[in-house]
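I opened the model to look up a few side chains. My notes follow in the order I checked them.

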Amino acid sequence: MKRLLYLLHRWAGITLALVMALWFLSGMVMLYVGYPKLTPAEQLQGQAVLTVGPGCCVPLAEALAASGLREPTQWRLMRIGGELRYAFGDGRKAAAAVDARSGRRVPPTDAGAAVASAAEFAGGAPVHWLGEVQEDAWTHSRALDAHRPLQVVAVDEPDGRWLYVSSRTGEVVRDASRTERTWGWVGAWLHWLYVFRGGALDAWWTDIVIWLAIAGGVLALSGGVVGVWRWRFSTPYKSGSRSPYRVGLMRWHHLVGLTGGLLALTWVLSGLFSMNPWKIFTANGARPDRIAFAGGPLRADDAPAAAHVLAQLSADGQAPRLLEWRRVAGQPVVLVQTAGTSFLVDASGRRLPPRPEATLEQAAARLLPQARIISREWLQAYDAHYYARESHTMTGHRERPLPVLRLRFDDPAAHEAVLDPATGSLVQLTNRPQRAERWLFAFLHSFDLPVLLNARPVWDLWMLGFSLAGLALSLTGVVLGWRRLRHKITRRPVAGRR
């Protein structure tokens, strides 16, 4: 049995040690440079102020009909390339834009329109068109599918940003700085094995990542068992060492494996859990009804008119950059986003106060009508399950305002809902399997408890030290594996001998 485990670890290491080393190396890069994304804050910063003028704006019902989309769930008004546009979409597969003055659907974005949109987004900086892409190294996100193909425009500035412009709405949907594009090759692109994305193996990318992670777990686990077996806890070896290896890489591999092998195992397994293999973190049973939570679907017949809202905001001295129509607790409202804040207004454009607790609870009860709310808690600070990350991280685009109300349900999946009183929105909804994933993936992969994230640079030293130990363990395995292979290849029988 021991011999088989030794052989398993040896040949698994020869096969996978280089992959593990690249994972650790790219993981260190991702601590500080993430995969390109356009966060809501960045998108809002690039939006021009909405101004009301003659001919603004056609009724929503007319714009919806012109969009050609069936029951879009996102209704927005923004300025794109100097023009006011309604932008409609379902968040995943479909998107369309309608000119807010003429009521005509906007044609697919060409190079000239993309340049105008990007120049406005970049604050008037010089830009030039690079081309059209369906998908490239920095746009693998499925959230961009509704906007493909994408027009790529470069901003002539020190940061060297590339702006990706939607062919459906004309809005900028992603940016990628020179730093992100440079470090991304040895960071997120390498870490997530994006070499297999966008090509012939795209359909198998998920399975490739899952099975490589499983194989890496077998390598780490077998190495841990073998390392403990070879360690003398009671009587040292004749050399006086408790490791059978007195000098050289084998000794370093053994010692680093004993000290950091468990962390390497938890890291590779948490990476596996990030893929939600075989849907183990997907809850069964009734799904929360988000439309019921809102009090019904969006309707054009009672939606606040854009012109009225913009006129009132202008009279109040506000400088809105984005309007989004919503239904909150059954009331049609508009979410107004300015450079510094977000708030709700009613049909007349008057600012609404925060939603009271009773209203939030009544709306939440409609999420899961078969369940009861068993506890409620106001969060004034972040905790282990509700917290924000830096914008470059994988979840850094998620907005996590404070204070918020957290409600717990008694349904089989033990759902928890977090609601923002300022906007009445559901900012987080989790169930028991998802909270298990939070610990098995997010915590074990990046130790992202708020108390640890706030303890910089201690957190950095821990993450870098852990990663360097894993890198050393993997690189020593690479060299040892190469030596073993070279030895096997060069051991040929001498001519004439039998």
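I started with a nonpolar patch on the surface. Leu18, Leu22 and Leu25 form this patch, and together they have about 240 Å² of accessible area. I am working from a predicted model here. I then placed Leu22 and found it in helix α1, residues 2-30. Leu22 is partly exposed, with a relative accessible area of 32%. A patch residue needs over 30%, so Leu22 at 32% passes that cut-off.

Next I looked up Asp411. Asp411 sits in the loop between β12 (404-409) and β13 (416-420). Is there a salt bridge for this buried residue, or none? I found none: Asp411 is buried, and Arg435, the nearest side chain of opposite charge, is 7.4 Å away. A salt bridge has to fall within 4 Å. Leaving out residues up to four places away in sequence, Asp411 touches Leu368 and Ala371.

Then I turned to the aromatic rings. The count comes to 21 aromatic pairs. One of them is Trp75 with Phe88, edge-to-face, at 6.4 Å centre to centre and 80° between the planes. Trp75 lies in strand β1 (residues 74-80) and Phe88 in strand β2 (residues 83-89), so this pair ties together parts that are 13 residues apart in sequence. Trp75 and Phe88 are buried.

I also checked Phe443 and Phe447. Their ring centres are 5.3 Å apart and their planes are at 70°, so this pair is edge-to-face. Phe443 and Phe447 are both buried.

Last, I noted one aromatic cluster. Its members are Trp23, Phe24, Trp267, Trp439, Phe443, Phe447, Trp462 and Phe466.

How values were computed. Residues numbered from 1 in each chain as written. Heavy atoms only, no water. Patch = residues over 30% accessible without salt bridge, like charges linked within 9 Å, V, L, I, M, F, W, Y side chains within 5 Å. Areas by Shrake-Rupley, 256 points an atom, 1.4 Å probe, with all protein chains shown as cover. Helix = DSSP H or I, 4+ residues; strand = E, 2+ residues; numbered from the N terminus. Buried < 20%, exposed > 50% of the residue type's maximum accessible area, 1.4 Å probe, protein only. Lys, Arg positive; Asp, Glu negative; His and termini not counted. Contact = heavy atoms within 4.5 Å. Phe/Tyr/Trp six-rings, centres within 6.5 Å; stacked < 30°, edge-to-face > 60°.
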